[in-house]
Amino acid sequence: MTCLGILRLMTTFDYLGIVHPPLKSRQAIVMPPRLRYDDLMPISKFIPGSLPGRRHFLQHSACGLGSIALTWLFAEDARGQATGLPGLPHHRPTAKRIIYLFQSGAPAQMDLFDHKPGLADLRGQDLPDSIRRGQRLTGMTATQERFPIAPSRFQFARHGQSGAWISELLPHTARIADELCFIKSMHTEAINHDPAITFFQSGAQLAGRPSMGAWIAYGLGSENRDLPAFVVLISQGTGNPADQPLYDRLWGSGFLPSQYQGVKFRSIGDPVLYLSNPEGVNQEARRRILDDIRRLNELRHEATGDPEIATRIAQYELAFRMQTAVPELTNISREPRHVVEMYGPEVRTPGTFAYNCLLARRLAERGVRFIQLFHRGWDQHTNLPRQIIGQCRDTDQPGAALINDLAQRGLLDDTLVVWGGEFGRTVYCQGTLTADNYGRDHHPRCFTIWLTGGGIRRGMSHGVTDDFSYNIAADAVHVHDLHATMLHCLGIDHRRLTFRYQGRNHRLTDVHGNLVEPILA
């Protein structure tokens with residue numbers, strides 16, 4: 001780069017205020033907002049009085065620039081051409097992508113799917129010690145003097161040829177019962193929200209491990225060079241507006257290279273930060289700016305050897321391509337009216353679960369590998385009958401519409417869809433049980449999720465709980481087992497997708513996990 005080029009670049013930065021985000025930024029793909037000091041360090045080589053000769057520059061830069069070029073090409077290939085790791089998939093996949101509809105806060109299984117009609121006769125009686133078995137309680141109910149049984153106040157009926165029991169709260173889900181596989185015997189280890197959600201996302205209760213979406217992006221890459229392999233969409237439910245917060249680390253890359261972390265699409269302004277050009281800057285100018293920033297990064301990489309700089313270059317190039325791809329993706333105006341109406345009245349409002357479900361389908365058909373929806377509001381310690389109605393109204397029609405939409409387009413056969421929360425809820429009431437109101441505490445011992453799509457047997461239920469929906473009676477499924485099965489559908493042997501870090505090979509399932517073979521098609 002010439003001195004004149006550097007002056008032009010610095011003048012442009014000064015005018016536009018354009019700079020890099022941190023190397024391990026939580027927002028994986030961004031346009032550079034303001035220039036960081038350490039990005040300008042290579043320019044010090046050219047300060048008058050210490051200007052190197054042409055021979056010195058070529059001797060010390062040729063190798064570095066060649067190296068970064070190779071790294072850049074590899075990064076392009078890994079993210080843009082969907083090559084993934086050598087040797088993957090390990091076997092023939094039944095799914096190309098995953099849409100995970102995560103219900104944050106923990107839906108009450110006995111109010112939605114795990115029908116227990118015998119509880120009506122036990123209403124208000126204390127849960128027997130023989131059922132509790134001295135199991136751990138949260139601090140919110142550990143000091144209660146009584147644990148009165150609270151049967152669901154909602155009606156259940158069998159649906160479809162499979163005869164699946166589904167609550168009246170979910171009429172649209174009931175219509176697709178034969179497309180679903182219910183696992184009623186899920187269990188986890190964590191009893192509080194943050195470690196439980198972290199466990200579901202990363203296979204570990206402690207923060208810092210790669211999320212499952214990052215593992216999949218690392219292993220398989222993306223099928224679309226203009227969009228990231230892993231996209232996150234968040235919606236706030238109407239049930240409990242003060243529900244638990246969600247942290248960006250839940251879709252982070254942990255110790256994997258940061259290019260594999262999820263990209264969160266926002267519902268206000270640019271879907272991705274700094275995606276739009278600043279006022280007065282056209283696409284040609286933006287291209288020149290990015291080219292100059294890349295040259296600075298290449299010089300910095302030569303000096304430090306930091307692999308995250310190669311990731312940064314790849315992020316900016318992807319972001320540049322996303323300037324065209326994302327507006328087209330998020331513009332639903334050309335969707336047929338009958339398709340939009342399937343998703344319900346809130347589908348045209350960005351940030352709603354309905355809008356995110358439609359966006360999930362559009363991401364799926366564009367080759368995004370892992371699409372994660374988080375819907376908050378299911379943490380119903382009090383006023384559950386009122387709050388759960390709102391949550392089901394948010395999610396029932398859009399979720400069913402997504403399945404039907406995928407099926408009509410031929411995408412369901414190679415898309416794995418998962419619906420569920422971080423744990424279940426207790427059969428006993430938290431607080432005071434009244435004639436028309438109750439709350440439920442956290443319950444990790446058993447809960448229900450459902451799956452459908454590529455590689456999954458449909459129209460079945462797996463696992464059985466006891467008469468109180470408190471303990472598993474048969475066919476327990478652990479979180480690690482679910483992760484192993486999801487990876488299997490993508491053609492990945494969970495024992496062989498590893499990354500060496502701090503002296504050991506890590507994997508999503510740690511040293512655990514078994515395939516849930518009865519649910520596989």
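This is a predicted model: local features need pLDDT of at least 70, side-chain atom pairs count only at pLDDT 80 or more; totals for chains, interfaces and linings use all residues.

**The whole chain**

Residues are numbered from 1 along each chain as its sequence is written, and side-chain values use heavy atoms, with hydrogens and water left out. Of the 521 residues in the chain, 58% are buried (under 20% relative accessible area, with a 1.4 Å probe and protein chains only).

**Helix α12**

Next, select residues 384-408, the 25 residues of helix α12. From first C-alpha to last, α12 reaches 35 Å, close to the 36 Å expected at 1.5 Å a residue (1.5 Å times one less than the number of residues). Where does α12 bend? The bend, about 30°, is at cysteine 392 (the angle between axes fitted to the seven residues ending there and the seven starting there). Colour α12 by accessibility: 18 of its 25 residues are buried. Then select glycine 410, which follows α12 and has a positive phi, near 75°.

**Helices α8 and α9**

Finally, select residues 283-304 for α8 and residues 307-330 for α9. Their axes come within 9 Å and cross at roughly 170° (lines fitted to C-alpha atoms over the stretch in contact, with angles from 0 to 180 degrees between N-to-C directions). The two helices are therefore roughly antiparallel (over 145 degrees). Show the side chains where α8 meets α9 (contact means heavy atoms within 4.5 Å): among the residues involved are Leu290 and Ile293 in α8, and Tyr316 and Phe320 in α9.

Conventions. Helices (H or I, at least four residues) and strands (E, at least two) are DSSP runs, numbered from the N terminus. Buried means under 20% relative accessible area, exposed over 50%, partly exposed in between (1.4 Å probe, protein chains only). Angles under 35 degrees count as roughly parallel, over 145 as roughly antiparallel, 65 to 115 as roughly perpendicular and the rest as oblique.
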